[in-house]
Amino acid sequence: MKYISTRNNKKTYNFIETFLNGLALDGGLYIPKKIPRLSSATLNRLSKLNYNDLAYEIIKIYTGNTFSNNELKKIIKISYKKFNSNNVVKFSRVKKFNLVELYHGPTLAFKDIAMQVIGNMYEVILSKSKNRINLITATSGDTGAAAIDAVKNKKNLRIFVLHPKGKVSAMQRKLMTTVNSKNVFNIAVKGSFDDCQTLVKSMFNDRHFRRSINMSGVNSINWARIVVQIVYYFYSHFRLSERNKRSVFSVPTGNFGDIYAGYIAYKMGLPISKLIIAVNENNLLYKFLKNGIYKPSKVKFSISPSMDIQVASNFERLISSYYNNNSKKISELMNQLTSKGSYKIDKIILKKIRNIFYSKSINAENTKKTIKLVYQYNHKILDPHTSVGLKALEEYYLNNIKKSENLFCLETAHPAKFGETIYKILRKNPVISGEISKNLKKKEFFKVLPNNLNKIKNYIRANRLH
């Protein structure tokens with residue numbers, strides 16, 4: 001498997017380079033030169049596998065000979081040992097809608113599914129090369145905790161997590177800041193998630209700084225995150241598809257990484273008829289699907305904070321795919337975004353994107369209403385992000401004349417991660433395990449810093465792993 005940057009289709013990279021670099025040196029994102037399409041015989045064979053074996057088959061396609069067969073199997077097995085489900089994910093149902101519970105990992109969010117694998121991949125690669133790496137990541141709430149849990153106490157890694165101060169839930173923050181490990185550094189930035197993401201991108205784009213600290217990243221800009229997330233789309237369809245129906249997936253969307261993994265599954269031949277971009281009041285992508293203009297505006301803070309994003313980083317990957325990896329065109333569009341604050345795509349391309357993507361913007365009132373209705377229906381408590389996804393799926397279903405599709409909503413986080421919000425809506429506290437509850441009472445460790453690139457760089461330099 002060869003990889004290219006969205007902004008340079010001439011130079012190719014292997015998986016290790018793609019994985020360790022995170023972001024390409026030209027500022028683009030790594031994508032496969034060619035996405036393999038699986039035959040119906042292969043899909044049939046894969047449909048009979050349990051989660052771990054399916055993960056092995058799919059991840060192997062993208063990692064090639066980076067790991068031996070036994071190494072990769074071991075990485076997957078160790079990664080999913082701490083999950084509360086034998087098959088990593090569980091399913092539940094609300095009326096006609098299948099909920100894919102992706103939150104059974106150690107930090108109660110879908111990010112654990114990819115992050116645990118990535119942490120163990122780093123360990124295997126670094127133990128062979130004797131390299132040491134400093135991971136820098138921005139989080140809107142869940143990535144940070146999942147990344148910290150995956151790499152804490154690992155000897156060849158140090159991690160610096162930037163989160164927007166006061167803009168994540170108390171539990172999201174505590175899952176990060178109560179981890180007392182020598183290789184973990186939490187930075188509370190006075191700003192929004194988009195500010196945190198811009199700071200991280202600026203560090204990636206500063207070649208001298210990047211090299212001087214041997215920097216890598218675990219945000220969804222890292223291609224390995226996408227690869228591991230592809231698996232649960234296949235697994236869900238294989239487990240619950242009825243009579244060869246095609247599947248619809250509604251995905252609570254912020255940075256566009258999770259739904260982009262669904263798009264890759266579709267390109268690989270999984271029978272997906274629609275991918276629903278479910279967004280809250282930060283409706284950049286909803287507006288884009290209407291008019292073809294990608295124009296970030298000011299972030300609106302909401303009750304679904306992990307989606308309070310106006311710059312969906314992974315969207316560049318999708319646009320690249322629809323322009324046949326024309327890196328000159330992509331560079332042109334990204335330059336327009338930087339200089340003019342927006343870009344517009346061709347009408348023909350927009351029409352093609354609409355063939356597979358659909359979007360709904362769900363406001364706070366409807367998010368709360370959906371949480372109440374689902375609880376009344378079967379006592380299931382949804383977190384506010386999943387509620388956005390389920391309401392968007394319901395609206396799609398009501399407006400769709402086919403009515404013969406498998407309907408899936410990805411359940412991205414445990415409701416307890418947003419306990420204060422849930423309590424206000426239902427007057428009920430979601431239950432979490434005693435172990436997690438005990439950990440959250442521990443002392444917090446984090447540094448508050450201004451939204452200032454130089455000050456954050458200096459802090460990282462002073463604490464980096466040499």
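1. Buried here means under 20% relative accessible area, exposed over 50%, and partly exposed in between (1.4 Å probe, protein chains only). Helices (H or I, at least four residues) and strands (E, at least two) are DSSP runs, numbered from the N terminus.

2. A word on the model before going further. It is a predicted one, where local features need pLDDT of at least 70 and side-chain atom pairs count only at pLDDT 80 or more, while totals for chains, interfaces and linings use all residues. Residues are numbered from 1 along each chain as its sequence is written, and side-chain values use heavy atoms, with hydrogens and water left out.

3. Back to H5, which covers residues 111-129. From first C-alpha to last it reaches 27 Å, close to the 27 Å expected at 1.5 Å a residue; the expected span is 1.5 Å times one less than the number of residues. Just after H5 comes Lys 130, with a positive phi of about 60°.

4. Now the sheets. Five strands make an open sheet in the order E9-E6-E7-E8-E16, and the pairing is parallel; two strands pair if DSSP finds at least two bridges between them. Strand E9 (215-216) and strand E16 (447-450) are at the edges with a single partner strand each, so one side of each has no neighbour in the sheet.

5. Strand E6 (residues 133-138) deserves a look. Six of its six residues are buried, so E6 is largely enclosed by the rest of the structure. In a regular strand the side chains alternate between the two faces of the sheet. In E6, Ile 133, Leu 135 and Thr 137 point one way, Asn 134, Ile 136 and Ala 138 point the other way, and all are buried.

6. Which residue of E7 is the bridge partner of Ile 136? It is Phe 160, and E6 and E7 pair in the parallel sense over six bridges. Strand E7 (residues 157-164) is also joined by six bridges to strand E8 (residues 184-190), again running parallel. His 163 stands opposite Ala 188 in E8.

7. There is also an open sheet of three strands, in the order E2-E1-E3 and with antiparallel pairing. Strand E2 (8-13) and strand E3 (30-32) are its edge strands, each pairing on one side only. Neighbouring strands of this sheet are turned by 40° against each other on average, direction ignored; axes are lines fitted to C-alpha atoms, for helices over the stretch in contact, and angles run from 0 to 180 degrees between N-to-C directions. Strand E1 (residues 3-5) pairs with E2 over two bridges, and Tyr 3 has Tyr 13 of E2 as its bridge partner.

8. Next, the pockets. On a 1 Å grid over the protein atoms alone, a pocket is an open set of points with protein on both sides within 12 Å along at least five of seven lines, a cavity is a set where a 1.4 Å probe fits but cannot get out, and lining residues have an atom within 4 Å of a point. The largest pocket holds about 580 Å³ of space. It is lined by 28 residues, and the closest to its centre are Gln 197, Thr 198, Lys 201, Val 311 and Leu 337. H8 gives the largest share of that lining, seven residues.

9. The second largest pocket holds about 350 Å³. Its lining has 16 residues, with Pro 106, Asp 149, Lys 152, Val 179 and Asn 439 the closest to the centre. H19 gives the most, three residues.

10. Four cavities of 30 Å³ or more are found in the structure. The largest cavity has a volume of about 290 Å³, and of its 27 lining residues Phe 110, Lys 111, Gly 254, Asn 255 and Ser 306 are the closest to its centre. The second largest cavity has a volume of about 50 Å³, and its lining includes Thr 253, Gly 254 and Met 307. Grid points are joined across faces, edges and corners, and a volume is the space filled by probe spheres set on the points.

11. Last, Tyr 294, which sits in strand E12 (residues 293-294). Buried or exposed? Tyr 294 is buried, at a relative accessible area of 3%. The C-alpha atoms of Tyr 294 and Gly 341 are separated by 8.7 Å, though the two residues are 47 residues apart along the chain.
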